[in-house]
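Work through the exercises below with the sequence and coordinates open. Each task is followed by a stepwise solution.

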Amino acid sequence: MLSILAAGSVFFPGLFLLSKQCLKSIPALRWSERDAVIVSARLVSSVQAVMATSAGYIIASSCEDIIEDQHWLTCTYIMFAVPYFVYDIYAMFMCYWYKLQVKGHEDVSATPKHMTSALTSYLRREFLMVLHHVVMVTVCFPVSVFWRQGKGDYFQGIMFMAELSTPSVCLGKILIQYKKQHTLLHKVNGALMLITFFICRVLLFPYLYYVYGRYASIPFYKVPLAVPWHCNLGAGLLMAPQLYWFFLICRGALRLFTGSSRSQRPHTSTSAAKERQADGHAPPQPSNGYSGRPSEPELANH
């Protein structure tokens, strides 16, 4: 177990550092530290998502009995992926830190005072995403590895495949970061993100209840009454943030495909907004990509 945890602890931060260094040192690129950090963080998230989805498919497709069948990859990948959530909290903060430095806060330095202020602002702005990651490590990890006692690997595999939506979320973040909201790529990616997020995250728990109902030969609407209360509680707590993020994605998609209010403003209004941003009055976009500001065309995630 410890060797697998150690492997994950080396792999994800190591991939981040390797990607950042390559983006900065390859002659054809020579990206800045800020750009390299932001893109590398998205790259690592996408790699983890592909690995989780692949593991989930292998596990789910190999389990004929959805309760009793086991697959060695289930607990192995859980232990390997746990360090990712710890690393990602740091990576999201680094993205937030560099956005502060370019959006009217160029005077921000790495002094303890400024770092503490930025960390407080980051935790306040990204509270839900950070809480999600903390719960994954402190609650979901021990429950999935120890409390299940080897039962329900099929359900765990299906939950791994929820990560299928992450690569399109990460691409959406990058496109928004580099002002590519009005490109065809962003629109296609936005539609793909909307579909995959709805199928893989919103419909996830209803599907799991449906599958268990078929397994136990009980109607779908009776499944919540048949399973233990803590299963219903856990499903509800995990599904709640997904519904909130899906709402934000839908709101961003509506603005994207109907014409955002920003693109319809007079030129003078746009110029004034740019001046306010230059003066340092525009707060940075959330590092998770889900902006709560109504003026942001947020179509982006973790």
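A nonpolar patch joins side chains of Val, Leu, Ile, Met, Phe, Trp or Tyr within 5 Å, taken from residues with over 30% relative accessible area and no salt bridge. The model used here is predicted.

**Exercise 1. The nonpolar patch**

Task: State which residues make the nonpolar surface patch, and which element gives the most to the patch.

Solution: 
1. List the members. They are Phe127, Leu128, Leu131, Tyr244 and Phe247.
2. Note the area. The patch covers about 480 Å².
3. Assign the elements. Those giving two or more residues are α5 (127-147) and α11 (229-258).
4. Helix α5 gives the most, with three residues.
5. Check one member. Tyr244 sits in helix α11. Its relative accessibility is 40%, so Tyr244 counts as partly exposed.

**Exercise 2. A pair adjacent in numbering**

Task: Find how the side chains of Arg34 and Asp35 meet, then decide whether each residue is buried or exposed.

Solution: 
1. Recall the cut-off. A salt bridge needs a side-chain nitrogen of Lys or Arg within 4 Å of a carboxyl oxygen of Asp or Glu.
2. Apply the cut-off. The N to O distance between Arg34 and Asp35 is 2.7 Å, and the pair forms a salt bridge.
3. Recall the burial limit. Buried means under 20% relative accessible area.
4. Classify Arg34. At 18%, Arg34 is buried.
5. Classify Asp35. At 17%, Asp35 is buried too.

**Exercise 3. A link between loops**

Task: Determine what parts of the chain the Lys151 and Glu68 pair ties together.

Solution: 
1. Lys151 and Glu68 form a salt bridge, with their closest N and O atoms 3.0 Å apart.
2. Lys151 lies in the loop between α5 and α6 (153-160), and Glu68 in the loop between α2 (33-62) and α3 (72-102).
3. Conclude. The pair therefore ties together parts that are 83 residues apart in sequence.
4. Lys151 is partly exposed at 40% relative accessible area. Glu68 is partly exposed at 41%.

**Exercise 4. The remaining bridges**

Solution: 
1. Classify the pair. Both Asp153 and Arg148 are buried.

Definitions and conventions:
Residues numbered from 1 in each chain as written. Predicted model: local features only at pLDDT ≥ 70, side-chain atom pairs only at ≥ 80, totals over all residues. Heavy atoms only, no water. Patch = residues over 30% accessible without salt bridge, like charges linked within 9 Å, V, L, I, M, F, W, Y side chains within 5 Å. Areas by Shrake-Rupley, 256 points an atom, 1.4 Å probe, with all protein chains shown as cover. Helix = DSSP H or I, 4+ residues; strand = E, 2+ residues; numbered from the N terminus. Buried < 20%, exposed > 50% of the residue type's maximum accessible area, 1.4 Å probe, protein only.
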